[in-house]
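User: Hello! I am new to this structure and would like to see how the terms used for it are reached. Could you take me through some of them?

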Amino acid sequence: MIVKCRFFLQQLGFGAVSLITTANSRVWAAPARSVKLPRSLPGTRGVAAEGLLNFVNAIETENLNVHSLMVLRHGQMVAEGWWNPYSPDLKHTLYSLSKSFTSTAVGMAVAEGKLSADATGQTVLAYLRPRLFAPLGIEGADWEVDPNGINTGGWGLRVRTEDIAKFGQLYL
């Protein structure tokens with residue numbers, strides 16, 4: 001890893017910005033999106049920065065294939081980081097977590113009295129955009145489709161790390 005996450009976590013005192021690592025440089029930047037989760041310093045939310053540092057060091061020591069990390073406490077982002085070549089605006093293909101979005105669509109369709117064998121006449125992605133993604137500020141989501149143009153449902157949803165955190169906050 002080019003930039004040690006120790007540097008990233010020691011920079012938490014600068015507030016809620018993310019460290020993007022590239023081949024030979026460090027860049028501090030906030031993800032460019034219209035709706036972001038609120039940011040806070042770890043100590044103001046009862047999170048020990050040293051504990052976060054120890055966690056990231058353990059990830060590095062074990063050479064785990066971690067793409068990104070976001071830690072939220074009481075609805076506030078207290079730490080975030082991406083391992084090269086990943087970045088805040090890069091979407092991640094979801095597998096098992098796609099099922100959580102699918103089940104949310106089913107629950108919403110049931111609540112609206114729209115559930116039938118034909119689940120709404122729309123793809124899951126089209127159904128979720130105005131009902132879930134737009135209200136949460138999730139932009140640019142895409143989802144794999146089968147040969148019939150139907151979203152796979154159980155895998156293949158691509159969203160950003162922060163979008164996943166927003167979804168988790170919804171369920172909290």
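User: Why is Val106 called partly exposed?

Analyst: Val106 has a relative accessibility of 36%. Buried means under 20% relative accessible area, exposed means over 50%, and partly exposed lies in between (1.4 Å probe, protein chains only). Val106 is therefore partly exposed at 36%. This is a predicted model, in which local features need pLDDT of at least 70 and side-chain atom pairs count only at pLDDT 80 or more, while totals for chains, interfaces and linings use all residues. Residues are numbered from 1 along each chain as its sequence is written, and side-chain values use heavy atoms, with hydrogens and water left out.

User: What makes Val110 partly exposed?

Analyst: Its relative accessibility is 48%, so Val110 counts as partly exposed. Helices are DSSP runs of H or I with at least four residues, strands are runs of E with at least two, and both are numbered from the N terminus.

User: Which residues form a nonpolar patch on the surface?

Analyst: Val106, Val110 and Leu115 do, with about 230 Å² of accessible area together. Nonpolar side chains (Val, Leu, Ile, Met, Phe, Trp, Tyr) are joined within 5 Å, like charges within 9 Å. The areas come from the Shrake-Rupley method with a 1.4 Å probe, and for residues only the protein chains shown count as cover.

User: How do you know whether His92 is buried or exposed?

Analyst: His92 has a relative accessible area of 9%, so His92 is buried. It lies in strand S5 (residues 92-94). Not counting residues up to four places away in sequence, His92 touches several residues, including Tyr86, Leu157 and Val159; contact means heavy atoms within 4.5 Å.

User: In what sense do S5 and S7 pair?

Analyst: S5 and strand S7 (residues 157-159) pair in the antiparallel sense, over three bridges. Two strands pair if DSSP finds at least two bridges between them. Leu94 has Leu157 in S7 as its bridge partner. The open sheet has the order S5-S7-S6, and S5 and S6 are its edge strands, each pairing on one side only.

User: Where is confidence lowest and where is it highest?

Analyst: Confidence is lowest in strand S2 (residues 26-29), at a mean of 38, and highest in S7, at 97. This is pLDDT, the predictor's confidence in each residue, from 0 to 100.

Note on methods:
Patch = residues over 30% accessible without salt bridge, like charges linked within 9 Å, V, L, I, M, F, W, Y side chains within 5 Å. Salt bridge = Lys/Arg side-chain N within 4 Å of Asp/Glu carboxyl O.
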